[in-house]
Amino acid sequence: MAESLLLKYKLKLPISSNPLSLVLFPRAQLHFRSYELHIKKSNSSGQSTSCSSRPTSVSAVSSDRAHSISRKPLIVKHKSFEEWDAVTAKFAGAANIPFMLLQLPQIILNYQNLMAGNKSALLAVPWLCMLTGLLGNLSLLSYFIKKRESEAVVIQLVGAISIYVVILQLVMAEAMPLPHFVTTSIVTLSGVVINLMKHFETLDDGVWKSWEEFITIAGLSALPQVMWSTFVPILPNTVLPGCIALFTAVLAVSMARMGKLSKKAGSVSGWTATLLFMWMPVAQMWTNLLNPANVKGLSAVTMLLAMIGNGLLIPRALLTRDLMWYVTVTCIDSHHQLSLQSDCRFTGSTWACVFYGWGNLVCLYCFNSISWELFLASSLGFLAWIGITFWRDAQVQGHSSSFTSLKHLLFGH
């Protein structure tokens with residue numbers, strides 16, 4: 001006689017969708033899902049199935065194969081915890097609004113400067129900074145296309161197009177080398193077309209696999225080269241870092257295709273996307289310091305939107321104890337494997353909020369580009385939000401100190 005067990009998973013996990021949440025990147029689309037799994041156990045046959053709720057991370061080069069990590073699942077403990085869980089999920093969903101509008105103020109300001117013949121003002125926006133964001137957008141676009149997350153796909157597509165428009169404006173102002181722009185245009189156009197064909201299921205699997213490998217190699221190759229080039233002419237102008245990274249990326253992809261890449265190697269593409277987004281504020285702030293006269297060409301509204309968007313992600317990331325990577329809750333029976341991903345990352349969101357958002361507002365204030373009232377209001381609001389976030393998290397977790405939540409996030413329970 002068979003016994004029947006009904007297991008209901010009601011998870012509220014946001015899926016980030018903008019580059020500025022990886023570190024800008026990113027992106028935070030809210031999904032509410034309820035999965036009902038029927039698991040049958042037969043006493044006569046002796047066969048049994050089990051359901052395990054374990055967080056897993058995306059594999060090294062491909063996101064198809066996942067391996068478990070030692071992070072505990074989100075468990076609702078009491079009513080206040082459940083209420084805060086729902087509130088933080090709404091915050092993460094609301095982050096889509098500033099992320100969608102992120103580059104629009106910068107585009108408008110660039111247009112005004114171009115029409116006024118003030119091309120030098122566009123030098124305030126480093127093209128290397130925009131390039132890293134664009135590569136991150138294309139990488140996440142492919143990821144969400146594969147996962148069939150339509151809402152997140154739209155956010156990533158808008159992000160990629162808006163950054164490309166900024167890059168186009170930089171070329172018009174002669175702030176970006178033309179050969180680099182041509183290469184960027186080819187990659188961007190190809191990426192958008194391939195991803196759209198994949199979304200509408202008109203693309204050959206072999207072509208898609210090749211694109212995934214290409215975007216992995218491109219991102220991993222560009223990262224060290226962009227880091228190095230940011231500090232030229234202080235550092236010698238060389239392509240050696242990019243060449244070394246290119247060789248490493250090709251080797252990693254080749255080993256992955258042959259099935260010889262260990263899962264313990266970590267998520268190569270995940271690390272690459274995260275570091276690309278994390279380098280955006282570094283490149284931007286370095287440019288501010290080198291060219292303070294052009295800082296007025298930087299949109300304060302864009303930086304404020306970046307701070308708000310990423311700030312809205314921090315409570316959710318803290319609650320789910322998501323320090324860096326995707327939290328994947330997987331439940332497996334004999335016929336199904338269901339999983340949810342959340343990339344509401346504490347490290348990426350906090351980094352972008354502090355450096356790309358508030359940090360650039362500090363630069364704008366120091367160089368007299370914004371009023372002290374705006375800077376003071378944004379600074380006090382930012383500090384108050386962080387304080388309330390840690391206080392509320394400690395309260396629902398039952399901790400006596402707000403620092404306990406940070407301790408658990410960094411070192412685990």
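The model is a predicted one, and everything below is read from its atoms unless a record is named.

Helix H6 spans residues 178-199, and its axis comes within 10 Å of the axis of helix H4 (residues 127-146), with a crossing angle of roughly 15°. Angles under 35 degrees count as roughly parallel, so H4 and H6 get that label. The crossing of the two is left-handed. On the H4 side, the residues that touch H6 are Trp127, Leu131, Leu134, Leu138, Leu141, Ser142 and Ile145. Facing them from H6 are His180, Thr184, Val187, Thr188, Asn195, Lys198 and His199. Sorted by class, the contact of H4 with H6 comes out as seven nonpolar, six polar and one charged residue.

H6 also packs against H7. Here the axes come within 11 Å and cross at roughly 140°, which makes H6 oblique to H7. This crossing, too, is left-handed. H6 brings Val187, Gly191, Ile194, Asn195 and Lys198 to the contact, while H7 supplies Asp205, Trp208, Trp211 and Phe214.

Turning to the aromatic side chains, a pair of rings is described by how far apart the centres are and by the angle of the planes. With centres within 6.5 Å as the cut-off, the model has 10 aromatic pairs. One of them joins Phe231 and Trp286, whose ring centres are 4.9 Å apart and whose planes sit at 70°, so the pair is edge-to-face. Phe231 is in the loop between helix H7 (205-230) and helix H8 (240-257), whereas Trp286 belongs to helix H9 (residues 268-290), so the pair ties together parts that are 55 residues apart in sequence.

As for the record, the unreviewed UniProt entry carries the annotation "transmembrane region" for residues 87-109, 121-145, 152-172, 234-256, 268-286 and 298-319. Two of these stretches can be set beside the model. Residues 152-172 are 100% helix and 0% strand, with the end C-alpha atoms 31 Å apart. For residues 298-319 the figures are 91% helix and 0% strand, and the end C-alpha atoms are 34 Å apart.

Notes. Residues are numbered from 1 along each chain as its sequence is written. This is a predicted model: local features need pLDDT of at least 70, side-chain atom pairs count only at pLDDT 80 or more; totals for chains, interfaces and linings use all residues. Side-chain values use heavy atoms; hydrogens and water are left out. Axes are lines fitted to C-alpha atoms, for helices over the stretch in contact, and angles run from 0 to 180 degrees between N-to-C directions. Helices (H or I, at least four residues) and strands (E, at least two) are DSSP runs, numbered from the N terminus. Angles under 35 degrees count as roughly parallel, over 145 as roughly antiparallel, 65 to 115 as roughly perpendicular and the rest as oblique. A crossing is left-handed if the near helix is turned anticlockwise from the far one by less than a right angle, and right-handed if clockwise. Contact means heavy atoms within 4.5 Å. Ala, Val, Leu, Ile, Met, Phe, Trp, Tyr, Cys and Pro count as nonpolar, Asp, Glu, Lys and Arg as charged, and the others, Gly among them, as polar. UniProt positions are given in the numbering used here, feature names are shortened, and annotations may be inferred rather than shown by experiment. Rings of Phe, Tyr and Trp (its six-membered ring) pair if their centres lie within 6.5 Å; planes under 30 degrees apart count as stacked, over 60 as edge-to-face and the rest as tilted.
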